[in-house]
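Here is a guided walk through a structure, taken one region at a time. Keep the viewer open and follow along.

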Amino acid sequence: MRQSNRLKQGGRIERSRRLTFTFNGNSYEGYAGDTLASALLANGVDIVNRSFKYSRPRGIVAAGAEEPNAVVQLGSSEPSQVPNVRATQQALYEGLSARSTNGWPNVQRDLMGLIGKLGGKMMPPGFYYKTFMAPASMWLTYERYIRKSAGLGRSPGESDPDIYDHLNRHCDVLVIGAGPAGLTSALVAARSGARVIVCDEQEEMGGSLLASHQALDERPAADWLSDVLAEMEANANVTLLARTTANGYHDHNFVTLHERRTEHLADTAPMVNGRRQARSRLHRVRAGRVIMATGAHERPLVYAGNDIPGNFLAGAISTYIRRYAVVPGNKLVLSTANDDGYRAALDWLDAGREVVAVADARQAPDGALVEAVRSRGVRIIDGAAVIEAHGENRVSSVRVAPIDAAAFRISGEIETLKCDTVASSGGFSPVIHLASHTGSRPSWNDDIIGFIPSLPKGMLAAGSAQGLHELGAVLRDGAAVGAAAVRDLALDAAEVEVPQVASLHESAAMALFQVPHDKPTLRAPKQFVDLQNDVTAAAIELATREGFESIEHVKRYTAMGFGTDQGKLGNINGMAIAARCLGRTIPEVGTTVFRPNYTPVTFGAIVGRHCRELFDPERYTALHQWHVENGAEFEEVGQWKRPWYFPRTAKGKRETMHEAVARECLAVREGVGILDASTLGKIDIQGPDAREFLGRVYTNKWAKLPVGRVRYGLMCKDDGMVMDDGTTSCLAEDHFLMTTSTGGAAAVLEWLELWHQTEWPELDLTMSSVTDHWATMTVTGPKARDLLAELTDIDLDRDAFRFMDWREGKVAGVPARVFRISFTGELAYEINVQARAAMHVWKALFAHGEKYDLTPYGTETMHVLRAEKGFIIAGQDTDGSVTPEDLGMQWAVGYDKPFSWIGKRALTRPDTVRKDRKQLVGLRPKDASVVLEEGAQIVLDPQHAIPMPMVGHVTSSYYSPTLESGFALAVVKGGHERMGETVYLPMADGKVHEAEIVSTIFVDPKGERQNV
Amino acid sequence: MFHIYCPYCEEWREEEEFHPKGQAHIQRPIDPESCSDEEWGDYLFFRDNPRGIHHELWVHAVGCRKFFNITRHTQSYEILETYRMGETPSVTAESVKREAIAAAASTATSESAEEVRA
């Protein structure tokens, strides 16, 4: 039968718009305005899932974000799969396709359910850890099957076609929750002239007013609601965001709002004018004041069989009947400890169904709602509760008994009542999640039987979120809090007339969490506390018996409040049970804290547009296009894209990297090569004290460097460890150009600024990054001079333009600075021109370079060539624990400089003068064909029992076409004293390589080639 | 994410523009060579880790590139003030403690006044 549970009239649904949808492959019908949950209930679908651990059948329990069971997998195609969707929060749309996330082969007949049934007693908390812990090597195998049987949805196997946006926003007042408190506070703020954002997670704004019986100013609540929304809609200072969840509250009133823009329309965002719409927006809001008007969640009672489909929260029953015109059963038993639960009974009666009985845990309740139900002839059993529900796939009867809550026992005859639905209400828990996201712990309040938030600075709570209950009081509080928020921001609070609500006589609520059973908790049928994580009252009791006394430990041992649920429904009941077992009060047991996100947020929304080519900024040199056109393979160096090598294709065959690098290396050693070195960090330093400053930040001397000369420098941190290196050129007496490693450029500039601004502000100098302003082209090899001479007016004579000189002139008609420095060990000129002229110069060099077979080379060849010369790369051959002396670079240390430069004092600390420090050496594998693995550990005795003492590791390793052998740089304990010794490198595959410790300089030890 | 007032730009900016640089007011000894190994080790490696008021050095890395100080509460993460290099903080652990004692004293006084009235 179609929509058998749908009432003939009522509800906020559009009956003229029928929608079809599928759930687990079956087709159903619903109406526009339904949620997936209300539509499933309308169609009498009882089982929506299997439970996480015991595979028990589960049905819908709630009507909002707190729903623990109806967590579904959405999506009609592979790319549109979305896990973790709560059916209670998913608007119905035409063609919606959803599946249960759990259950194999399906939710109706589940094999794991048998195990859960047979093995329930055999699956205590910690079951998986206790059972599958040995042998440890099998855990990965076990885990695969455990995960398969305990899934909570799966991620899509194909790329997401949707796009997601991020928006940065600022406002005076952010109101979270558009129920009665949120709306009155927003109204006050808006009328006071504040910039206001109101967000609400539901499809429609209004919160509890959407299903309220009560009249506001003697009009239906819905009328007041539409007036208020219309007023705010018309106010340009107000932004209303429905379908928008405040998922995280972060420091200093920074709140992330997730706005779902198209998820109520289709499973992928629609196209408009040929463009795909953004599926969702993540609003990053910085608010002057945040008003948390998030309301309260009803607490279910904990009784045996409380997870059988047909058990509902009392408030959810009312919502389904009043908002969706769905009555999810025929015969209702209500179990409550407060007056509010009676609303469910009244709505049930109004829907024309039978209320079998109300079990009220209190003695002689006489509230207005109680009397309203009594007057309609419903049997009310005082001092009693539902202690157990029976049924396979749906509740068929309940056992009701008088209880003595204080003594935690049954106090009279148990009677069995036939019914198909149980509604329970244990009270209301303020939704305080956001207030505790930054670490504040909420405090217990006996009056409201719940936790109230400890508010971070800048946040205010209004209405039910701080424990208020009665509608009139909630509205008045909203107005007062709105006024307080705008006054905090130095605005005058506008007057708002709060609508009048008739107040009802209420009998006091009673604190009831777990209902006693005729058997002790450990032997009674399962009484569920956390339905999503399958945590029972018995599990909590067992955890406390096993010595887990801290609520944080109980949580981790039982998994209560974990995962996507974040304890919305079960946490307080769980704490109350732990408190009972430990003989303490709830405040003594304390609470766990909630973490973002409040409800799951899809990764797409978090990522926004920062994916694919926009994942990370890419930096290109001025010559990038040439590299692309000439077939370069690229390497990522920080954000830079650098040519890695330039493979050539000959006779249809493309070179491998090994072949290309060998060719490039030999071209530099025997002819001439060219490297785009533009990414090198460049810092322009000017000022009368620039030279003094260099002397303090570098290890070596700068006092006498004349204009026109270049010097290599090492930079240490004050602990004496090498941090970066590079060359600095003297452009004028008060003007220097420093180069840094590519990856270290920004950090080095910040480091220099730190010293200048905090320690030596009296030094007169300024620094500026010029990395992007200058393009750098390194022309290097024996024929470099011949090539460059064809293009420049600079005198390249070996005595006029010496090694470590720089000259200014023109190259290819363009003003240039040419530095004769060498990172290859060959004759080399680094040509610097303005970046915009770089392509012209580069192409001119190639036009003239053809006859010299000018060969472009990339970073891989650069590495081989520099390592053959023993030139270090800071961050590769050093790791923050290497001193200049460890590198054998005493020649670059000015021990007698007058100022105690950065790093000097540390070089005489006992640890830095140890003889057995790891020192940089060369390694020559005994087998020339071996290229050692970078990072490989070095041992002295490969026969030593495991664990072998490790004396060092390989830092750089390549194949040298010049040496026709593999070679490496490595750090070895006391390595400088071990020249000629043999060391061993045991590899993961069992092979042991043998290598000889040699000098770090493999090619041209005397440095003659760069000096020609 | 912190909201930080740059005392040089004189604007509130997002944390993404700043880098934290550790504890503030660590002064490099004027004459390192006369420091004992222990003194130099203290300067290099030892930092406070208070629960409460902490002075930190930050830099407006992608803004004005200026270094400045932040006084922050390490439990609540509240930033109590920001101030330029060379300035002394007006909020310190001591000043907060003094104020708390003064506040407690004034409450005590008003309570005893009430008692007198009663």
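Predicted model: local features only at pLDDT ≥ 70, side-chain atom pairs only at ≥ 80, totals over all residues.

Now move to chain A and its open sheet of 5 strands in the order β2-β1-β7-β5-β6, where the pairing is mixed. Its edge strands are β2 (26–32) and β6 (82–86) of chain A, each of which pairs on one side only. From one strand to the next, the twist averages 40°. Look at strand β1 (residues 14–23) of chain A: 7 bridges join this strand to β2(A), and the two run antiparallel. A handy landmark in this pair is Glu14(A), which stands opposite Ala32(A) in β2(A).

Further along, the UniProt annotation "domain: FAD/NAD(P)-binding", from an unreviewed entry, covers residues 172–437 of chain A. Over residues 172–437 the chain is 21% helix and 38% strand, and the end C-alpha atoms lie 21 Å apart. Between residues 314 and 350 of chain A there is a helix pair to look at: helix α7 (residues 314–324) and helix α8 (residues 342–350) pack at an angle of about 35°, with their axes 8 Å apart. Which way do α7(A) and α8(A) cross, left-handed or right-handed? The crossing of α7(A) and α8(A) is left-handed. From α7(A) come Ala314(A), Ile317(A), Ser318(A), Ile321(A) and Arg322(A), and they meet Arg343(A), Ala344(A), Asp347(A) and Trp348(A) in α8(A). By class, the contact of α7(A) with α8(A) has 5 nonpolar, 1 polar and 3 charged residues.

Next comes helix α12 (residues 537–545) of chain A, whose buried residues are Ala537(A), Ala538(A), Ala539(A), Ile540(A), Ala543(A) and Thr544(A). What covers these buried residues includes β32 (528–530), β33 (535–536), α13 (551–558) and α14 (571–582) of chain A. Just after α12(A), Gly547(A) takes a positive phi of about 100°.

For a contrast, turn to Arg609(A), found in the loop between α16 (603–607) and α17 (624–629) of chain A. Is Arg609(A) buried or exposed? Arg609(A) is exposed, because 12 other C-beta atoms lie within 10 Å, and a residue counts as exposed at 12 or fewer. Leaving aside residues up to four places away in sequence, Arg609(A) touches Asp165(A), His166(A) and Leu614(A). Between Arg609(A) and Gly875(A) there are 266 residues in sequence, and the two are 32 Å apart in space, C-alpha to C-alpha.

UniProt also lists residues 623–897 of chain A for "domain: GCVT N-terminal", again from an unreviewed entry. Over residues 623–897 the chain is 26% helix and 29% strand, with the end C-alpha atoms 41 Å apart. In chain A you will find an open sheet of 5 strands in the order β40-β41-β42-β39-β43, and here the pairing is antiparallel. At the edges are β40 (710–716) and β43 (766–769) of chain A, each pairing on one side only. The twist averages 25° from one strand to the next. Strand β39 (residues 681–686) and strand β42 (residues 735–740) of chain A pair over 6 bridges in the antiparallel sense, and Asp684(A) stands opposite Leu737(A) in β42(A). Helix α19 (residues 690–697) of chain A lies across β39, β40, β41 (722–732) and β42 of chain A, running at about 30° to β42(A). Helix α20 (residues 745–759) of chain A packs on the sheet too, touching β39, β41, β42 and β43 of chain A, and its direction makes about 170° with that of β43(A).

The bridge partner of Thr982(A) in β54(A) is Glu996(A). Together β53(A) and β54(A) form a hairpin with 5 residues between them, and Gly990(A) in the turn has a positive phi of about 100°.

Definitions and conventions:
Residues numbered from 1 in each chain as written. Chains lettered and ligands numbered in written order. Pairing = 2+ DSSP bridges. Helix = DSSP H or I, 4+ residues; strand = E, 2+ residues; numbered from the N terminus. Axes fitted to C-alpha atoms, helices over the stretch in contact; angles between N-to-C directions. Contact = placed C-beta atoms within 7 Å. UniProt positions renumbered as here; feature names shortened; annotations may be inferred. Left-handed = near helix turned anticlockwise from the far one by under 90°. Nonpolar A, V, L, I, M, F, W, Y, C, P; charged D, E, K, R; others polar. Buried ≥ 20, exposed ≤ 12 C-beta atoms within 10 Å, placed from the backbone.
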